[in-house]
Amino acid sequence: MNADQIIREQLLALLKGGKAHMSFAEAVSGFPLKESNRRLPHASYTVWHLLEHMRIAQWDILGFVLNPDHISPAFPEGYWPKVDDMATAAVWKRTIGEFSDDLAALQDLVRNPKTHFFKPIPHAKNYTVFREVLLAADHNAYHVAELVTLRRVLNMKPIKEY
């Protein structure tokens with residue numbers, strides 16, 4: 001296996017989770033929907049707010065890499081839903097679905113042999129695809145761990161334990 005294949009394989013493993021940390025799908029699996037809008041102790045957000053934040057951030061990173069006309073949300077307020085926003089069952093499902101779709105698109109980008117990880121992104125010369133994929137994977141892993149911890153604290157344990 002050459003270096004390019006190894007990098008692709010390792011980035012995919014990091015995006016998918018399941019090695020050193022739980023995957024996104026495992027972390028949200030079986031989550032009690034009635035708890036999605038529950039205010040978390042000592043936090044200004046709900047579990048759905050956290051998932052929506054993850055979705056927005058990942059969508060932004062993917063859009064930044066793929067689209068020279070992409071406009072990122074205002075920071076930090078554009079990366080979180082409003083404090084009083086609540087999720088319906090349809091909104092909860094949409095958040096998880098869109099996050100999963102964008103995660104699959106990131107994985108497709110990594111799998112694509114035409115993706116050059118270390119060349120500057122044409123419309124963002126100080127950035128590389130490699131950096132942006134690592135950023136997305138790191139951000140996702142951080143918040144998946146937070147979600148798993150919150151589930152344990154709230155006695156809503158994930159199906160799979162690590």
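Predicted model: local features only at pLDDT ≥ 70, side-chain atom pairs only at ≥ 80, totals over all residues.
Local features need pLDDT of at least 70 and side-chain atom pairs count only at pLDDT 80 or more, while totals for chains, interfaces and linings use all residues. Residues are numbered from 1 along each chain as its sequence is written, and side-chain values use heavy atoms, without hydrogens and water.

**Exercise 1.** Work out how α1 and α4 are oriented to each other.

*Solution.* Start with the helices, which are DSSP runs (H or I, at least four residues) numbered from the N terminus. Helix α1 covers residues 3-16, and its axis comes within 9 Å of that of α4, crossing at roughly 170°. Axes are lines fitted to C-alpha atoms over the stretch in contact, with angles from 0 to 180 degrees between N-to-C directions. Angles over 145 degrees count as roughly antiparallel, so α1 and α4 are roughly antiparallel to each other.

**Exercise 2.** Find which residues of α4 and α5 make their contact (heavy atoms within 4.5 Å).

*Solution.* First place the helices: α4 spans residues 89-111 and α5 residues 129-153. Next, read off the α4 side: F99, L103, L106, L109 and V110.

**Exercise 3.** Identify the residues that touch the most other members of the largest nonpolar core.

*Solution.* Such a core joins buried (under 20% relative accessible area, 1.4 Å probe, protein chains only) Ala, Val, Leu, Ile, Met, Phe, Trp, Tyr and Cys residues through side-chain atoms within 4.5 Å. Beyond four places in sequence, F24 is in contact with residues including L51, M54 and V144.

Definitions and conventions: Helix = DSSP H or I, 4+ residues; strand = E, 2+ residues; numbered from the N terminus. Parallel < 35°, antiparallel > 145°, perpendicular 65-115°, else oblique. Buried < 20%, exposed > 50% of the residue type's maximum accessible area, 1.4 Å probe, protein only.
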